[in-house]
Amino acid sequence: MKIRGYRIELGEIESRLAACEGVREAVVLARDAAAGQPSRLVAYYERDGEREGVVTMEGLRAHLQASLPEYMVPTAYVEVTAWPLTSNGKLDRRALPIPEQQAAGERSGYTAPEGELEAGLAHLWAQLLGVDRVGRHDNFFALGGHSLLAVRLISAARKVLDIELALTSLFLSPTIAELAISVQASEMVLKATASTVSTEASGQMTSAELRALRLQSSPIQSVSRDSRDIPASFAQQRLWFLSQMSASSDAYHIAQGVELTGALDHAALQWSLDRLVERHESLRTTFEAVDGVPYQRIGEPAAFALSIHDLSGLDDVQSQSQLSALQEQETRAAFDLEHGPLLRGRLIVLAADRHVLLLTMHHIVSDGWSMGVLSRELEALYSARVRGEADPLPALPVQYADYAMWQRERLSGDRLARESDYWRQTLQGAPALLALPTDRPRPAEQDYRGALLDVQLDAGLTQALKALSLKQGGTLYMTLLAAWAVVLSRLSGQTDVVVGTPVANRGRSEVEGLIGFFVNTLSVRVDLEEGDLEDGPTASALIDQVKQRVLLAQEHQELPFEQVVEVVNPARSLSYAPIFQTM
C-alpha cells in the first residue's frame, strides 16, 4: 500500500517488530488520521512472557528505526493481551482498538503545553506528525518532522492560529515552548510597526489592516470563470513552450499503476473517476494559445473514458507480456494539450478478482503531490460508493485556476523585484557547467536516455546520519545534500557547486488538497572553500552552511525556476540544463 506517497510493506514491518525482544506476535495496520491527512501506521503487539525484555514504545521504535526507513516506522504502538478473532478463527483486524491517547504520545519527560498559543501549536504538530499529543519541550524534528512538514505547519498556523511563522524560526526554535516565545516576540515587533504606521497615517490601524500586515499576503480566492481569460501558471507556461518544441516527448508524463485484488465493483470505480474529474477542474483543463501565449480552458464535467482490456483468457506468460506492452503504450502515448483529455486510464482484467488500473496525467496538470491526492480521494470515493454512502470528500475552497491568477497578481511589483534580487545575488558568478569526468563527450543536444542506479546506505550509517542531523539542528536531507556537494566537488575539481532540488511549493493551506502543477525547483549553491582551514570547511561548518542556504532557498521558493533562469541569464546551451546539472 502507499502512505504519503511511499510504498509500504506491512508484512516486513510486522516481521521486524516480532523480532523485538519481549514481543511474541505483531500486526501493523494503516489507520485513518485526521480529516484530510494521510493514513498513519499503527503497530499492535503481544508480549512474550517467556522472553526477557522490557517493551516500551521508545524501544520498539528505536528497534525499527535501525533497520527500516523512517516512513515505514509506525507512529503508534498498542499492546494487546488477546487478538480479536472472526467466527472462522482468523484475525479480525477491524476489531483491533483505535490507539488511545497514550499509545502514540507516551514519551519520557512529557510536559503539557502552557497557554493558548502553545496548546494551538501542539495541536497542529500532532495532526501533521501523526501523534496523539505533543509536549512543550518535544522537538519537531526528533518527532519525525522535516522541511516539507515544516512548510505545511506554516500554512496551517496561518489559517488556524492567524500567525505567520518563518521557516528559519522553526529550525532555530524547534520546540513548542521555544517557538511560542519566538512568535510572541515577532508579534511585539509587528505591533510596534503597526503603531508607527498608524501614527504616521494619523489614524488607528484596523484589525483587518493589522492582520494583513501580519500575513503580508492576500488569500487565494475563487474568481469568476467568465469575466476574463484564465492564464496558465508560470510552471504551466514553461511546460507548454517545451511541448511546442517536442510534442512527441513523454518526459513529462506522470504514470501510476495500481494492482486491485478482490472483487471489483466496476460501476463504483467508474463513478469515482467521474467524480474526481468533476471535483478537480485541472483534470478537465486544456490549453489554447492566444497570440502565442497559453491560456487555460476548463471543460464541463464529463464521464471519464476508462478503456478496458480483458486478458483473463490468457496464460500467465501471455498475460504478463500483454500487461507490459499495455503499460508501455499507456505511459508513452502522446497528449494533446489543446484538445485533451490530460488524464487517461486503462483497466486491465487479469482475472475475476485481479485487475490493474493504469492512470497517466500530463505534468502540466499534475505533480507528485497530486498523485497522492488522487489516490487517497479515489480510495475514499470508491469505498463510500461500494457501501452505498454519499460522497465523503469536503468541498474544495479554490481550484487551480484561482491559484494561477493569484500567483500572477502576487508575483509582481515590489515582491517580484525582491525575489528576483535574491536569486540574482545568490547565483551571481556561479559556474555555468559542472565538469564531471564522464567517459564520453557530452552530446551537442541532451536527451532523456539514461540509466538508474540505486545506492543504499546501511542501517548503522543511516542512524548516525540522523543523529548528526539532529545535533546540527537540521534534517537528514540537509546533511545528505552537504555530502552530495562534497562528492560533486571532488569528482569535478570545482569548489563552487550548484545543486537543484524539487520543492512542493504548497505553502498555502487552500491548495494542499488540489490536483495541479505546483512543484518548483530550487537552486542551492554550496561553497566548498568557505571556512578557516586550507582544505575547506569542517563537516559541521559545511552542514550549517547548507542548512542556512536551504532555508533561504525555501523562503524564496515562490519565484518559478524558469523566471530565475531569466533573471540570472546564464550562458545557454542545448547540451546541458541551465544553472545546475545535478538534482
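1. Is phenylalanine 241 buried, exposed or partly exposed? Phenylalanine 241 is partly exposed, because its relative accessible area is 39%, and the class runs between the limits of 20% and 50%. Note that the model is a predicted one.

2. Phenylalanine 241 also belongs to an aromatic pair. Searching the whole structure gives 10 aromatic pairs. In one of them, the ring centres of tryptophan 240 and phenylalanine 241 are 5.2 Å apart, and the planes meet at 75 degrees, so this pair is edge-to-face. The class follows because an angle over 60 degrees counts as edge-to-face. Tryptophan 240 is buried, since its relative accessibility is 8%.

3. A second pair consists of tyrosine 403 and phenylalanine 518. Their ring centres lie 4.6 Å apart with the planes at 55 degrees, so the pair is tilted. Tyrosine 403 sits in helix H13 (residues 400-410), while phenylalanine 518 is in the loop between strand S13 (496-503) and strand S14 (520-527). The two residues are 115 residues apart, and the pair thus links distant parts of the chain. Tyrosine 403 is buried at a relative accessible area of 6%, and phenylalanine 518 is buried at 2%.

4. Aromatic residues also occur as a group. One aromatic cluster is formed by Trp125, Phe140, Phe141 and Phe171.

5. Arginine 344 lies over the face of phenylalanine 335, 4.0 Å from the ring centre. Arginine 408 lies over the face of phenylalanine 234, with 4.2 Å to the ring centre.

6. Next comes a sheet. Four strands make an open sheet in the order S7-S12-S11-S10, and the pairing is mixed. Strand S7 (253-261) and strand S10 (306-310) are at the edges; each has a single partner strand, so one side of each has no neighbour in the sheet. On average, and with direction ignored, neighbouring strands of this sheet are turned by 20 degrees against each other.

7. What holds strands together in general? Strands of a sheet pair through backbone hydrogen bonds, in a parallel or an antiparallel way. Here, strand S11 (residues 343-351) and strand S12 (residues 354-362) run antiparallel and are joined by eight bridges. Arginine 346 stands opposite leucine 358 in S12.

Notes
Residues numbered from 1 in each chain as written. Predicted model: local features only at pLDDT ≥ 70, side-chain atom pairs only at ≥ 80, totals over all residues. Heavy atoms only, no water. Phe/Tyr/Trp six-rings, centres within 6.5 Å; stacked < 30°, edge-to-face > 60°. Buried < 20%, exposed > 50% of the residue type's maximum accessible area, 1.4 Å probe, protein only. Lys NZ or Arg CZ within 6 Å of the ring centre and 35° of its normal. Pairing = 2+ DSSP bridges. Axes fitted to C-alpha atoms, helices over the stretch in contact; angles between N-to-C directions.
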